[in-house]
Amino acid sequence: MLSLCTIDVRHSEPGTEVTVDWGEPGGPQKAIRATVAPAPYKPDRRRTDLHQA
């Protein structure tokens, strides 16, 4: 499962294991384990020079 969230800087190192409350605010929620990973999940090629391709 993939979820995006904001976390405190002190927990932001990729590979850090955290617990996230998953679900709708005010509704049922479940604590799930997660591992911090960088986003985006693919290389950023927006600044690639397409003339070099």
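Which residue in β2 is the bridge partner of Gly23? The partner is Gln29. This report describes a predicted model, in which local features need pLDDT of at least 70 and side-chain atom pairs count only at pLDDT 80 or more, while totals for chains, interfaces and linings use all residues. Residues are numbered from 1 along each chain as its sequence is written, and side-chain values use heavy atoms, with hydrogens and water left out.

**The hairpin**

The strands β1 and β2 run antiparallel and are joined by seven bridges. Strands are DSSP runs of E with at least two residues, numbered from the N terminus, and two strands pair if DSSP finds at least two bridges between them. Together β1 and β2 form a hairpin with five residues between them. In the turn, Gly26 has a positive phi of about 80°.

**Trp22**

Strand β1 contains Trp22. Leaving aside neighbours within four places in sequence, Trp22 is in contact (heavy atoms within 4.5 Å) with Met1, Ser3, Pro28, Gln29, Lys30 and Ile32. Ala37 stands 15 residues from Trp22 along the chain, and the C-alpha atoms of these two residues are separated by 17 Å.

**The salt bridge and accessibility**

A search of the whole structure finds one salt bridge, defined as a side-chain nitrogen of Lys or Arg within 4 Å of a carboxyl oxygen of Asp or Glu. The side chains of Asp8 and Arg10 form this contact, at 4.0 Å from N to O.

| Residue | Relative accessible area | Class |
|---|---|---|
| Asp8 | 40% | partly exposed |
| Arg10 | 68% | exposed |
| Trp22 | 43% | partly exposed |

**The largest pocket**

A pocket is an open set of points on a 1 Å grid over the protein atoms alone, where a 1.4 Å probe fits, with protein on both sides within 12 Å along at least five of seven lines; lining residues have an atom within 4 Å of a point. The largest pocket holds about 490 Å³ of space, and 18 residues line this pocket. Nearest its centre lie Ser3, Leu4, Cys5, Ala34 and Thr35. The elements that give two or more residues to the lining are β1 (17-23) and β2 (29-35). Strand β2 supplies the largest share, four residues.

Definitions and conventions:
Grid points are joined across faces, edges and corners, and a volume is the space filled by probe spheres set on the points. Buried means under 20% relative accessible area, exposed over 50%, partly exposed in between (1.4 Å probe, protein chains only).
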